Amino acid sequence: MPHSLPRLLGSLLLSAALSTAAAQTLPAAPTYGPELQGFDYPYEVKHYTFESQGRQLQMGYMDVAASGVANGRTVVLMHGKNFCGATWEQTIKALSTAGYRVVAPDQIGFCTSSKPEHYQYSFQQLAINTHALLEQLGIHKAVIVGHSTGGMLATRYALLYPEQTTQLVMVNPIGLEDWKALGVPYRTVDQWYQRELKLSADGLRKYEQSTYYVGRWKPEYERWVTMLAGLNQGPGHALVAWNSALIYDMIFTQPVVYEFKDLSVPTLLLIGDADTTAIGSDAAPAAVKAKIGRYNVLGKQAAKQIPQATLVEFAGLGHAPQMEQPAEFHKALLTWLAAH
């Protein structure tokens with residue numbers, strides 16, 4: 001953590017104090033604690049406490065029993081970089097109603113989980129953390145579903161634990177290409193940190209509307225913008241931004257695309273084909289930016305690389321088809337799970 005953190009926190013507190021009078025005349029934007037305290041999750045959040053890299057950490061997670069006739073199967077949902085376990089709300093309900101037990105953890109560095117000052121982030125480490133949580137819950141086999149960055153993590157999990165992964169599902173995963181190898185400039189952790197310190201609700205909304213939702217916007221998306229902005233702008237501001245910077249470095253420098261050929265489990269790719277998400281594209285030269293983040297091409301490429309792949313494309317949908325068209329998305333997911 002940069003030595004300037006205490007000074008930065010002091011500056012933020014002073015700034016907040018000076019603006020109190022002005023803030024009283026405006027609607028107060030919600031802020032949340034460093035582990036998303038104050039934000040309502042759709043189901044009870046429990047915590048798994050463990051030691052990792054010499055530190056006591058905790059992972060928040062939801063463990064939702066089947067509400068329909070239980071089929072004895074468990075689905076683990078892995079969230080994306082700008083998402084949390086809570087953003088799986090509709091998918092949890094659909095799976096639970098269909099008879100599945102659903103576990104939706106928040107990874108270390110995200111949402112309701114610990115934000116350590118020092119942590120060597122890797123997809124292997126996050127997969128190991130998640131596996132330990134499942135072991136504690138007595139879950140030895142599960143369907144692993146990953147969205148966005150969670151797709152990279154789900155791939156790593158399935159590679160590390162093929163015997164415990166019954167099926168793999170990736171929803172608009174990032175990491176279908178190696179941005180660094182394709183010419184996207186490298187940002188240092190310090191550069192990511194300075195970028196994340198400036199995160200705002202307006203900036204998030206603009207980015208997600210243009211990149212995730214193909215220019216569209218629905219009122220229900222606002223809750224997720226408020227969730228992230230409120231976490232970043234709350235009392236954990238600097239620590240949240242620092243962990244986000246470390247995580248971006250992990251995403252950029254640890255591609256999984258070269259190992260898709262090694263996946264040994266039945267895999268479903270659910271792809272909104274109008275998605276244009278690509279990490280670092282905002283800093284990429286025009287010629288590079290033009291050829292990355294093309295999910296109408298990337299989904300098909302990934303399906304050819306993965307031995308037991310099924311590809312379902314959602315025409316015209318963006319980065320989060322489970323949120324844009326939940327009925328269509330959940331029909332495709334449940335149909336495939338029932339057949340596998």
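**Figure 1. The largest cavity of the predicted model.** The largest cavity has a volume of about 180 Å³. The model is a predicted one. A search of the whole structure turns up four cavities of 30 Å³ or more. Two helices, α8 (222–232) and α9 (237–253), are the elements that give two or more residues to the lining of the largest cavity. This lining is made up of 15 residues, and those nearest the centre of the cavity are Lys 81, Leu 228, Leu 231, Val 240 and Ser 244. By class, the lining of the largest cavity holds nine nonpolar, four polar and two charged residues.

**Figure 2. The second largest cavity and its lining.** A volume of about 60 Å³ is found for the second largest cavity. The residues that line this cavity are His 79, Gly 80, Gln 107, Phe 110, Phe 123, Leu 126, Thr 149, Gly 150, Leu 153, Ile 247 and Met 250. At least two lining residues each come from α4 (123–136), α5 (149–160) and α9. The largest share belongs to α5, with three residues. Six residues of the lining are nonpolar and five are polar, with no charged residue.

Figure 3. Ser 122 sits in the loop between β4 (101–105) and α4. Is Ser 122 buried or exposed? Ser 122 has a relative accessible area of 16%, so the residue counts as buried, the cut-off being under 20%. When residues up to four places away in sequence are left out, Ser 122 touches Met 250 and Gln 254. Of these, Met 250 is also one of the residues that line the second largest cavity.

**Figure 4. The largest pocket.** The largest pocket has a volume of about 630 Å³. Its lining comprises 29 residues, with Arg 195, Tyr 207, Thr 211, Tyr 248 and Asp 282 closest to the centre of the pocket. Two or more residues of the lining come from α6 (189–197) and from α7 (201–212). The largest share of the lining, six residues, is supplied by α7. Divided by class, the lining of the largest pocket consists of 11 nonpolar, 11 polar and seven charged residues.

**Figure 5. The protein chain as the setting for the close-up views.** The protein chain contains 13 helices and eight strands. Along the principal axes, the C-alpha atoms fill a box of roughly 60 × 45 × 40 Å. The radius of gyration of the protein chain is 19 Å, which agrees with a compact globule, because a globule of 340 residues would have a value near 20 Å. Of the 340 residues, 53% are buried. Among contacts between residues at least 6 apart in sequence, 80% join residues at least 24 apart. The accessible surface of the protein chain amounts to about 14,200 Å², and carbon and sulfur atoms account for 55% of this area.

Definitions and conventions:
Residues are numbered from 1 along each chain as its sequence is written. This is a predicted model: local features need pLDDT of at least 70, side-chain atom pairs count only at pLDDT 80 or more; totals for chains, interfaces and linings use all residues. Side-chain values use heavy atoms; hydrogens and water are left out. On a 1 Å grid over the protein atoms alone, a cavity is a set of points where a 1.4 Å probe fits but cannot get out, and a pocket is an open set with protein on both sides within 12 Å along at least five of seven lines; lining residues have an atom within 4 Å of a point. Grid points are joined across faces, edges and corners, and a volume is the space filled by probe spheres set on the points. Helices (H or I, at least four residues) and strands (E, at least two) are DSSP runs, numbered from the N terminus. Ala, Val, Leu, Ile, Met, Phe, Trp, Tyr, Cys and Pro count as nonpolar, Asp, Glu, Lys and Arg as charged, and the others, Gly among them, as polar. The radius of gyration is taken over C-alpha atoms; the globule rule is 2.2 Å times the number of residues to the power 0.38. Buried means under 20% relative accessible area, exposed over 50%, partly exposed in between (1.4 Å probe, protein chains only). Contact means heavy atoms within 4.5 Å. Accessible areas come from the Shrake-Rupley method with a 1.4 Å probe; for residues, only the protein chains shown count as cover.
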